[in-house]
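Here's a quick walk through one model, with the sequence and the 3D view side by side. Have a look first, then read on.

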Amino acid sequence: MPLELKVPEVGESITEVEIGEWLKAEGDSVERDDPLVVIETDKITVELPAPASGTVTRVLKKEGEVASVGEVIGYMEESATPAAKGTEEAAAAELPAGPAVGSVAEAGETSGDGVGDGSGDGAHVRVSPTARRIMAEHGVEAEEVQASGASGRVLKDDVLRHLSAKEGAAAGTSVGGGGSERREEVVPMSPLRRRVAERLVQAQQQAALLTTFNEIDMSEVIALRHKYQDSFREKYEIKLGFMSFFVKAVIEALKTVPQLNAEVRGTDIVYRDYYDIGIAVGGGRGLVVPVLRDADHLSFAQVEVAIIDLARRAQSNDLKLEELQGGTFTISNGGVYGSLLSTPIVNPPQSGILGLHKIEERPIAKDGEVVIRPMMYVAMSYDHRIVDGREAVSFLVRIKEVVEDPERILLEV
């Protein structure tokens, strides 16, 4: 009897999904729990596993089509014995090393460490059948392609982006040497990218956004990290980064200016006595903001471990829906990419977002002398409907005080 392949429940508020790449084609043999098809929502990307060993017999919904939760998108026939990888495509799912899970380093250092995009060195990389066929047609090796699929899988879109980038680079060279054919490529937005775009526009249209700036001398934090880095790494097996200091500083500042931990709901203001801090990271398919729940109850080590874990799983598209929901305030670290100054956009319905930037040695006046200090510009965008300018400035000043004198975090002064 045919087994129905149905769209699973992927979140309480999600009723429709977009069908991504089919990782198995009609006639392919599969084993139980083998990923069959990528399912994309406006928040997460998941893979539908095979409910049993057998053969895919029919695909009803093709890539790019919309389906409802619970809808049948294909059929498979169960086999009496565990299925072997029957087709040539299914047999070659493993290829030599290539980018898998993005590397994670510390936030803000001039050496480029931070939470964000990157590529790791894995022993193997999984490649979807369609992606492998396109790679073979164009002579592309697996290690050349930046993977974005779950668990570091190279998908068709990854290969197409790689080929498009190569063509663009070649075209640019040709034009400089006397001209060549000019091309355009129309690529539909993914559900995640569409949702990000909608929310950014929504933030601009529905909130009265302003941004205020300050700069922070990072000398004390850098000295503290240098002093305790070896002990911290030995005890927790991770590096002591900058982000944990800013998470703690933000919480102290939110206690001082509670409006920035609140939201506008209709004609009401909803204040919160908990601190769920979103950390913006570059995921495999776009920007995502996983949330540190009850961050005020976390130690420095717990914050660092959680951020590293969330960033790695964001790169491999393994975040759960509930990890992306909620959040009372967001921190975004543009310093990872070398940004010196920017104006971050509030993540609605939140009322504020802190933007961190590159640490750069600059001359400053201190005690009547010009000295060189590692300085960071910080920017805080806020909803002026509930946060006044004085409160926004006070918030940033509080963060500056705490980061420049980190002992305040422990003494809560």
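## Around Glu71

The side chain of Glu71 gets to within 2.9 Å of the backbone nitrogen of Ser68, a polar contact (a pair of N or O atoms within 3.5 Å; within protein, one must be able to donate a hydrogen and the other to accept it, and residues adjacent in sequence count only if both atoms are side-chain atoms). A word on the source: this is a predicted model, where local features need pLDDT of at least 70 and side-chain atom pairs count only at pLDDT 80 or more, while totals for chains, interfaces and linings use all residues. Residues are numbered from 1 along each chain as its sequence is written, and side-chain values use heavy atoms, with hydrogens and water left out.

Glu71 sits in the loop between strand S7 (66-68) and S8; strands (E, at least two residues) and helices (H or I, at least four) are DSSP runs, numbered from the N terminus. Glu4 is 67 residues away from Glu71 in sequence, yet their C-alpha atoms are 9.3 Å apart.

S8 (residues 72-78) pairs with S6 (residues 54-59) in the antiparallel sense over five bridges, and Gly54 has Glu78 in S8 as its bridge partner. Two strands count as paired if DSSP finds at least two bridges between them. Both belong to an open, antiparallel sheet of four strands, in the order S1-S8-S6-S3. S1 (2-6) and S3 (29-30) are at the edges with a single partner strand each, so one side of each has no neighbour in the sheet.

Ser351 lies in the loop between strand S17 (329-333) and strand S18 (352-356). A polar atom of the Ser351 side chain is 2.7 Å from the backbone oxygen of Ala262. The table gives relative accessible area (buried is under 20%, exposed over 50%, partly exposed in between; 1.4 Å probe, protein chains only).

| Residue | Relative accessible area | Class |
|---|---|---|
| Glu71 | 27% | partly exposed |
| Ser351 | 0% | buried |

Contact means heavy atoms within 4.5 Å. Leaving aside neighbours within four places in sequence, Glu71 is in contact with Leu5, Lys6, Val7 and Lys61. On the same terms, the contacts of Ser351 include Gln259, Val346, Tyr382 and Ile386.
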